[in-house]
Amino acid sequence: MMGSTSEPNGCPLTALRYIAQSYNHADSEASALRLVLTLNPHWDGPANNIEFVRFTDGITNTLLKIINRKPGLTEEQIDNEAVLMRAYGNHTEILIDREREMKSHALLASYGLAPSLLARFQNGLLYRFIRGRPATHEDLVTASIWRGVARRLGQWHAVLPVRGAAAPAQSEVENAFLNSVDVHPSKQDIDFPLIKPRRSGPNMWAVLQKWILALPSATDEQRKRRLGLQKELEWAVSELDDGKGIGEDGLVFAHCDLLCANVIAVPSADAPVTSAGEPTATVQFIDYEYATPSPAAFDIANHFAEWGGYDCDYNMMPTRAVRRQFLTEYVRSYTQHKGLPELSQKEIIDRLYEDVDRFRGIPGLYWGIWALIQAQISQIDFDYASYAETRLGEYYAWRRELDGGRAKANEEMPLRERRWAQEV
């Protein structure tokens, strides 16, 4: 697909073209045009008609679709030659390991689960376009879409090797301080021991540790909050990082950011149906910035958390019955792609149902910490500070359900927890 030379982890990156240019946010179309003409010099000249379509659903990057609307071509033919340009947001390297993102994309493409990479440039990637429509958070609660998501996610977790995210010489936790030197100029800032996940190398626990190290710590209040979040992470790792989930040593290669805009409903003439004849959309997943080994239950619980959208509308959260239906579709796909007997499906569904319930508060901790960092570094017009408090509020509400604090205080159960506990 991109040449036969491969990285040790199986990602064919060495043949990927590098363009020694960068995208300039202040001179968007001109810099994007230079990039695409370097990639496709045959697009230059009067017979070509290059257009730019800006996608604005992401809140950390610039994403442009670049098309050549030559006379006589159909929309499908134009889309088949279209190029997507992803340019990284300012300072996002604090949150995202761009080398790992590129390796993840190449790994996924090698399994037919991502569009082909075309080239990388100084601050981004160029790759093929997937025809389809980005989902809305209202789509995510639509049965045909969530069945499609469940099936695709089951395939991801079954076929992608965890070793696809090869461990560096130092584990990501051990190297986390070095990766956040822009934020922390002195090791004296670190006044707590780092967590030690069961598995070394990239994983979602290590990502969380790196993010906590990147939190601001200039004031006593900031240091106190960071220490409090570190203690929550220590507790979560001790409770949940047990290696008992499905996959390899309790981990699968996970997307970790399945919000609505990263789910693409693909046009399909022969859309699949369930055994009961229920329609199922064909979907693909895009944007692999946060993809890393993770418990399957985290990836699924994180997706469920996104059913409420950026506005966190907890009325949209899946009930017990819907979660079990989703997991039934997921496990059918997982066992099929894994080559496991159908007899094992009910046992896996039951175990996953409990695991997803155990992880339901962790997405709030994950994205709450992420948003605290974004509130410091992002130039995008989005209220990250308020979003951080909302997401961390989900986590702490879940913890109060677990330890009985909410019931002891005789307080009403929060809407998110109430909806999660609802049967139908």
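Q: How does the lining of the largest cavity split by class into nonpolar, polar and charged residues?
A: The lining has eight nonpolar, three polar and five charged residues. Nonpolar covers Ala, Val, Leu, Ile, Met, Phe, Trp, Tyr, Cys and Pro, charged covers Asp, Glu, Lys and Arg, and the others, Gly among them, are polar. Keep in mind that this is a predicted model, where local features need pLDDT of at least 70, side-chain atom pairs need 80 or more, and totals for chains, interfaces and linings use all residues. Numbering starts from 1 along each chain as its sequence is written, and side-chain values use heavy atoms, without hydrogens or water.

Q: How much space is in the largest one?
A: About 120 Å³, counted as the space filled by probe spheres on points joined across faces, edges and corners. Of its 16 lining residues, Asp 242, Gly 245, Gly 250, Pro 295 and Phe 359 are the closest to the centre.

Q: Which elements give it two or more residues?
A: α9 (296-305) and α11 (345-358); helices are DSSP runs of H or I, at least four residues, numbered from the N terminus. The largest share, three residues, comes from α11.

Q: Which residues meet where those two helices touch?
A: Ala 296, Ala 297, Ile 300, Ala 301 and Phe 304 in α9 meet Leu 352, Asp 355 and Val 356 in α11, with contact meaning heavy atoms within 4.5 Å. That contact has seven nonpolar, no polar and one charged residues.

Q: Switching over, what lines the second largest cavity?
A: Arg 86, Glu 101, His 105, Pro 115, Tyr 127, Ile 286, Asp 287 and Tyr 288, around about 40 Å³ of space.

Q: And where does it lie?
A: Between domain 1 (28-128) and domain 2 (133-163 + 244-421), because both give residues to its lining. The domain bounds come from an automatic or database assignment.

Technical notes. On a 1 Å grid over the protein atoms alone, a cavity is a set of points where a 1.4 Å probe fits but cannot get out, and a pocket is an open set with protein on both sides within 12 Å along at least five of seven lines; lining residues have an atom within 4 Å of a point.
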